[in-house]
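My notes are below, in the order in which I looked things up.

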Amino acid sequence: MHLKKITLVNFKNFESQSFDFEDKINCFVGDNGVGKTNVLDAIYYLSFAKSYFNSVATQNIRHNEDFFMIEGLYNINDKLETIVCSLKKGNKKVVKRNGKIYEKFSEHIGYLPLVIISPADRDLITDGSDTRRKFVDNVISQSDAGYLQNLIKYTKVLAQRNSLLKYFAANRTFDALNLNVYNEQLESYGTIIYEKRKAFLEAFIPIFKKRYKVISNSKEEVDLVYKSQLNEFSFKELFKQNAEKDRMLQFTSAGIHKDDLVFDIEGFQIKKFGSQGQQKSYLIALKLAQFDFMNAQANVKPILLLDDIFDKLDDSRVSQLISLVNNDEFGQLFISDTHKERTEEVVKKTKQSYKIFQL
C-alpha cells in the first residue's frame, strides 16, 4: 500500500496544496510552525477519520474558513483508491471511499493501517489510563473489526447504565432488574474485549521487549503489565461488590473501561523512575512493536509516520529506525524534521528512493 498523492484544502495552516509522494520515503523539512506535522496529521486523518493531535474536529479547519477537505489517492495491491475526509462547520464529518460515503467511520478503521511515532506519544507515560487503553484498542481494532464493534457497543451500554444510576439518585428510586439488563450486556461485550486484550498483549509483549533491548543497547529489563479487575474477578462478582458504590457515585466503577497498562523498568514504574532516555527508548520500542505486530496481521504494509523524530533521538536510536526502513517488511515512510541536511544524510543511508519537500 502506498499513498501516491494528498490534497489539502483549508486543513490547519494549508489553504490549498497537493503533494505527490515516492513509494518509499517522503520527508517534510522546514522551520517550526510551517506545517510539517500538519501534513503527517492529514495522512493520519485519512486512516482514522480524526486528528492524532487535536480531538476537536472543527479546530482542524483553517482560520476564517468554514470547512476543510483532505483527499488521498492510494495504490492498494495495484488498485487505485480515493479516500476523502471533509468537515463543514455545523455539519457532520464525511468520509468517502471511491465516492461512497461511509455510514459508520468504524467500517473504515483498519483499511489503511498506519503507525505514528511522535513526541506527543509521551502522553502514554504521563496521562491517565484512558490514553493507554486507547493505544491497545487502536492496535487491535486495525486488524479486528469485531473487536471495535464490541468496544463501541460496550461504551454505549456503559453510558446507558451510568444514566440509569443518575436517574435512580435523582428520583430516589432503584430497580435491580432494570440495572441487571445493562449488567448482562456489559458482561457479554466486556468479556470478549478482555479476552482479546489479554491475547493481544501475550503476543505483543515479547515483540516489545525485543525491540527495547535492541534500541537501548542495554541489559536493563523492561516490562508491560496488563492491569484489569477481570484478572481476579468475574463481571458478576464486580457488579455485586460495587453495587452500593455505583449507586453512591452514580457511575459504573468496575469493568474493562478501568483497564490499564503498567510500564515498568527494572521492576519500577518508568513514569517515576525512568530517565528521559529510558522513557524515549520505551516509547519508540512500543511503537515499533506496534508496527511489527500490525505488519504481521495486515494484508498490506502499514504506513509509518515519524514526526520530528530525529530531533529527539541519539545516533543509535536513529540507526535502529533506519534498520527498520531497510527491512524487507518495510512499506512507505513519512518523516518531518527541521534540518534538511540531517534528514537527507539519514535517508541516503537507506539506499531507498526518497523525496524531500521543503515547506
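The entries below cover strands, salt bridges and a surface patch.

**Entry 1: ground rules.** I noted that this is a predicted model, in which local features need pLDDT of at least 70 and side-chain atom pairs count only at pLDDT 80 or more, while totals for chains, interfaces and linings use all residues. Residues are numbered from 1 along each chain as its sequence is written, and side-chain values use heavy atoms, with hydrogens and water left out.

Entry 2: I took helices (H or I, at least four residues) and strands (E, at least two) as DSSP runs numbered from the N terminus. Two strands pair if DSSP finds at least two bridges between them. Strand 1 (residues 2-11) runs antiparallel to strand 4 (residues 67-76), and 7 bridges join them. I found Lys5 opposite Leu73 of strand 4. Strand 4 also pairs with strand 5 (residues 79-88), in the antiparallel sense, over 10 bridges. Here Glu71 has Val84 in strand 5 as its bridge partner. Strands 4 and 5 form a hairpin with 2 residues between them, and Asn77 in the turn has a positive phi of about 50 degrees.

**Entry 3: the sheet of strands 9, 10 and 11.** I looked up the order of this open sheet of 3 strands: it is 9-10-11, with antiparallel pairing. Strand 9 (222-227) and strand 11 (268-269) are at the edges with a single partner strand each, so one side of each has no neighbour in the sheet. Strand 9 is joined to strand 10 (residues 260-265) by 6 bridges, and Val222 stands opposite Ile265 in strand 10. I then found helix 5 (residues 176-216) lying across strands 9 and 10, at about 170 degrees to strand 9. For that angle, axes are lines fitted to C-alpha atoms, for helices over the stretch in contact (heavy atoms within 4.5 Å), and angles run from 0 to 180 degrees between N-to-C directions.

**Entry 4: salt bridges.** I counted a salt bridge where a side-chain nitrogen of Lys or Arg is within 4 Å of a carboxyl oxygen of Asp or Glu. The search of the whole structure gave 18 salt bridges. One of them joins Asp121 and Lys287 (3.1 Å, N to O). Asp121 is in the loop between strand 8 (114-117) and helix 2 (123-126), and Lys287 is in helix 9 (residues 276-297), so this pair ties together parts 166 residues apart in sequence.

Are these two residues buried or exposed? Buried means under 20% relative accessible area, exposed over 50%, and partly exposed in between (1.4 Å probe, protein chains only). Both Asp121 and Lys287 are buried.

Next I checked Lys209 and Asp223, whose side chains meet in a salt bridge (3.5 Å, N to O). Lys209 belongs to helix 5 and Asp223 to strand 9, so the pair ties together parts 14 residues apart in sequence. Lys209 is partly exposed at 33%, and Asp223 is partly exposed at 28%.

Arg133 and Asp130 also meet in a salt bridge (3.6 Å, N to O). They are 3 residues apart in helix 3 (residues 129-141), which means about one helical turn separates them. Arg133 counts as buried at 13% relative accessibility, whereas Asp130 is partly exposed at 37%. I also noted a network of salt bridges linking Lys79, Glu81 and Arg97.
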